[in-house]
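Subject: Structure handover

Hello,

Here is the structure for you to look at. My notes on what was found in it follow below.

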Amino acid sequence: MILELRNVSYRYRKGALALEDVSIGVGEGQSVGLVGESGSGKSTIVRLMLALAKPTAGEVLFDGEPITPATMRRFRASVQTVFQDPYSSLDPRQNIESIVAEPLRSLGIAKGSEARAMVAASLASVGIAADSLARYPHAFSGGQRQRIAIARATVCHPRLLLADEPVSALDVTTRIQVIDLLAELRESAGLAILMVSHDLSAVAALCDETVVLNSGRVVESGTTSTILAAPREEYTRQLVAAVPRLPAP
């Protein structure tokens with residue numbers, strides 16, 4: 001596994017239990033969906049997986065070992081994130097070149113002409129023209145901004161992408177385009193993906209495996225096709241029933 005929560009529980013400072021005995025992992029090239037309604041604990045899992053919080057119990061493992069200060073730089077280069085809102089995730093004061101180059105600077109991977117070439121290549125991989133480098137976020141649509149956010153997350157060639165509700169702020173057509181883009185990156189770059197969503201239809205379009213979270217507990221997991229076709233738990237059946245369907249002709 002690239003990244004794994006093993007029997008993790010987490011309590012907030014005031015004692016409320018956010019997660020209880022959660023185990024979830026993503027291996028090389030895998031696409032895993034984490035599904036649950038708001039308040040189910042998805043955001044807490046993302047924070048733990050990004051080493052932004054420490055579990056109350058259990059372990060967070062990177063390549064099978066606990067994350068330490070000695071492995072943090074390698075961890076940051078290997079695990080990148082795309083956030084929900086493409087409007088707030090890009091700094092409006094920076095141009096696109098500076099935004100996409102941020103991981104290269106902060107991780108000490110490249111600078112100068114080498115960084116510029118890597119930024120241009122990353123933008124090209126998500127369908128943004130290289131002549132956009134000097135432009136600012138306000139010049140782009142929501143879908144284009146999310147593509148730029150994906151370019152920033154993948155410019156340092158990570159092994160795993162944590163996609164936290166990456167299409168929920170987009171219109172239906174743009175959602176499909178962004179999901180298709182993530183699928184292409186997974187195929188072309190061997191990128192592993194953990195997609196966090198409240199929308200099972202979005203996860204079903206990208207992920208081979210799905211983990212269902214309810215009130216901080218994993219209630220069901222398995223192949224996405226099996227969960228869609230034959231969910232075991234009532235909570236999962238409700239999520240499946242909420243997937244939009246076209247009326248019969």
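The charged end of Arg135 sits over the ring of Phe140, 4.5 Å from the ring centre. A charge is taken to sit over a ring if NZ of Lys or CZ of Arg is within 6 Å of the ring centre and within 35 degrees of the ring normal.

This is a predicted model, with residues numbered from 1 along each chain as its sequence is written. Local features need pLDDT of at least 70, side-chain atom pairs count only at pLDDT 80 or more, totals for chains, interfaces and linings use all residues, and side-chain values use heavy atoms, with hydrogens and water left out.

Aromatic pairs come next. Rings of Phe, Tyr and Trp (its six-membered ring) pair if their centres lie within 6.5 Å; planes under 30 degrees apart count as stacked, over 60 as edge-to-face and the rest as tilted. By this rule there are two aromatic pairs. Tyr10 and Tyr12 form an edge-to-face pair, 5.8 Å centre to centre with 85° between the planes. Tyr10 counts as buried because its relative accessibility is 17%, while Tyr12, at 43%, counts as partly exposed. (Buried means under 20% relative accessible area, exposed over 50%, partly exposed in between, with a 1.4 Å probe and protein chains only.) Phe62 and Phe75 are also edge-to-face, at 5.3 Å centre to centre and 80° between the planes. This pair links distant parts of the chain, 13 residues apart: Phe62 is in strand 4 (residues 57–62) and Phe75 in helix 2 (residues 72–78). Helices (H or I, at least four residues) and strands (E, at least two) are DSSP runs, numbered from the N terminus. Both Phe62 and Phe75 are buried.

Next, Glu220, which lies in strand 10 (residues 217–223). Glu220 counts as buried because its relative accessibility is 2%. Its side chain makes a polar contact with the side chain of Thr236 (2.8 Å), and also reaches the backbone nitrogen of Arg232 at 2.8 Å. A polar contact is a pair of N or O atoms within 3.5 Å; within protein, one must be able to donate a hydrogen and the other to accept it, and residues adjacent in sequence count only if both atoms are side-chain atoms.

Thr236 is also one of the buried residues of helix 9 (residues 234–241), along with Tyr235, Leu239 and Val240. These residues lie on the same side of helix 9, because they cover an arc of only 140° around the axis, taken from the directions from the helix axis to the C-beta atoms.

Regards
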